[in-house]
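Subject: Structure handover

Hello,

Here is the structure I said I would pass on. My notes on it follow below.

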Amino acid sequence: MTGPEPPAPTGTHTVSLHGFPFPLGTETRTLTWQPRALRPGVLNLKSCELQHPWSEELVGRELAALSLAETLAYPVQDHALAQLAAYHGLDRTHILLTAGSDYGIGLVVDALVRPVGRLLLQEPAFEAWRHYAQLRRVQVTGVPGTTGTPPAADPAPLLDLLRSTPRPAVAAVTNPGSPSGLRHPPSAMRQLARTAREHGHLLVIDECYGDFVHTSHAPLVTEFSNVVVVHSYSKTFALAGLRIAAVLAHPVLREHLGRFRPENAVGAPAVALLTRLVPQGDRWREIWRDVRAIRQGFVDHVLATHPTWRVLEPGANFATFWTPHPNTADAARDHLAAHRIRVRSLTDVPGLRGCFRVSLADRPQMQRVARLLDDVTDRATPLTAVPLPAREGPPPDARPT
C-alpha cells in the first residue's frame, strides 16, 4: 500500500513523461535552446567563424596529414600544452584545454562562480554567461560596458561595482567586446585586475577575438593571481567545427578547474590539429593581417556610401556598424537576408541601439555585401550623435613569435 506522493523538491516543477511524473529544475523554464540549423546556399556572416581562403588551405592540409592513430585513441595533451605554453608565454601549469570557449565559460561558472554565488557581468557580453549562471542559480549583476552615441568602451561602471560589492565575487569582462568589437586598452584592463584583487574578487577575461587585434591578457595571469582568461582557438585558428579553447589561470585555480574533468570533452582530432597549427605563428599572423585588410576595405566602402554611420573599433573578424536610427539596423539585416546573407541586428542589445554586426568572409564576398548595403537607407531622423575620436589604426603586432 502506497501513501500520498511526497511534494516535489523545492525549486522544481513536475513534468509528465507520457503519464510518468518526474521533477525538473525550474531554472531552465525561461531559457531557450535551439540547435544549429543547416541553411544551404546561405552565406553565414552572423556566427563570426574565421572564413578566409588561406586558413582553409592551412587547416585542410594539416587535417589531411592526421594519422588514424591521432583520431581514434584518447588524446594525450602534453605536446599541445607545450606548444600553447610557448604561444601564450606561460608555464603549462597555467593552461587547461576545454571543448570551446562556451564550455570554458560553463566550467568557470560551475567551478568558480557557483561557490560564491555572485557574477558581476560587464554587458553586452556573450549570452553564455547569463545562460550558465541561470542554470547554476547564480545571482548576476550586470553593468554597462559602453557609453555614448555611438557607443564607446567604458570600464567605469564595472570598476564601481567591484568596489561596492562585498567580497568575494567573480567579475567577467569581454575584451575585445562581443558583439560590439570595442576594446579596453591595457591600462584599463590592468586597473580592473588590480581593483578586483584589492576588493577580494576574481576577474575573468573572455578574449575570444583577441588575436585578431593583437590583444593578449596572458601576461595578466602571471601578474595577478586573481585573473582568469578564456581563450578560443576555434576562432583564432579556424577550428570552430572542432570546438577547442583554453582557460588560463593560476596553477591552483587550474588544478581546481581540472577536477571538473574538461579534458574528457576535448576530442583527439582537435588536440592533434591544434598541435600542428600553433607552431605556424608567422602564417597565422599573415592571415590575421589580411583579415584586417579585408575589414578595412569593407568598412571604407560602407562608410563612404553611408557617411552618417560609424564603425566600432577596432573590431575583430567582424565589423559592427552604428546607424542613426534603430530601424536601420533591422533594415540592413532584412535586406541582406533577402539576398541569402545572414548578419545580426544588435538594436535590441542594451548599449548597442542602432547597431548591426557583419562577420567577414573573403574579399569577393565582402565586396558583394558592401554593394548590397549601398541600397539600405536610414529609416528615420538621425539620433543625436557625439563626435567619435580619431579612428584607431591597427596596433603593433605584440604577439610573441
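To begin with one side chain: is F22 buried, exposed or partly exposed? F22 has a relative accessibility of 43%, so it counts as partly exposed. Please keep in mind that this is a predicted model.

F22 has a partner. F20 and F22 form a stacked aromatic pair, with 6.3 Å from centre to centre and 20 degrees between the planes. F20 is partly exposed as well, because its relative accessibility is 49%. The structure holds 10 aromatic pairs. There is also an aromatic cluster, made up of Y87, Y233, F237, W284 and W288.

Now the overall picture. The protein chain contains 14 helices and 17 strands. Its C-alpha trace spans about 75 × 50 × 50 Å along the principal axes. A compact globule of 401 residues would have a radius of gyration near 21 Å, and the 22 Å of the protein chain agrees with that. Of the 401 residues, 49% count as buried. Among contacts with a separation of 6 or more, 73% are between residues 24 or more positions apart. The accessible surface is about 18,600 Å², and carbon and sulfur atoms make up 55% of that surface. The chain has 41 positive and 36 negative charges, whose mean positions are 2 Å apart.

Helix 11, residues 268-277, is mostly covered, with eight of its 10 residues buried. Those buried residues include A268, V271, L274 and L277. Among the elements that cover them are helix 1 (53-65), helix 3 (78-88), strand 4 (95-98) and helix 12 (281-305).

A few backbone details are worth a look. Most residues other than glycine have a negative phi, and most peptide bonds are trans. Four places depart from this:

- The peptide bond from S178 to P179 is cis, with omega near 15 degrees; P179 sits in the loop between strand 9 (170-174) and helix 7 (186-198).
- The peptide bond from E313 to P314 is also cis, with omega near 5 degrees; P314 sits in the loop between strand 13 (310-312) and strand 14 (318-322).
- H18 has a positive phi of about 55 degrees, and lies in the loop between strand 1 (12-17) and strand 2 (20-25). H18 is exposed, since its relative accessible area is 87%.
- C48 has a positive phi of about 65 degrees, and lies in the loop between strand 3 (43-44) and helix 1. C48 is buried, because its relative accessible area is 1%.

Regards

Conventions:
Residues are numbered from 1 along each chain as its sequence is written. This is a predicted model: local features need pLDDT of at least 70, side-chain atom pairs count only at pLDDT 80 or more; totals for chains, interfaces and linings use all residues. Side-chain values use heavy atoms; hydrogens and water are left out. Helices (H or I, at least four residues) and strands (E, at least two) are DSSP runs, numbered from the N terminus. The radius of gyration is taken over C-alpha atoms; the globule rule is 2.2 Å times the number of residues to the power 0.38. Buried means under 20% relative accessible area, exposed over 50%, partly exposed in between (1.4 Å probe, protein chains only). Contact means heavy atoms within 4.5 Å. Accessible areas come from the Shrake-Rupley method with a 1.4 Å probe; for residues, only the protein chains shown count as cover. Lys and Arg count as positive and Asp and Glu as negative; His and the chain ends are not counted. The place of a charge is taken as NZ of Lys, CZ of Arg, CG of Asp or CD of Glu. Rings of Phe, Tyr and Trp (its six-membered ring) pair if their centres lie within 6.5 Å; planes under 30 degrees apart count as stacked, over 60 as edge-to-face and the rest as tilted.
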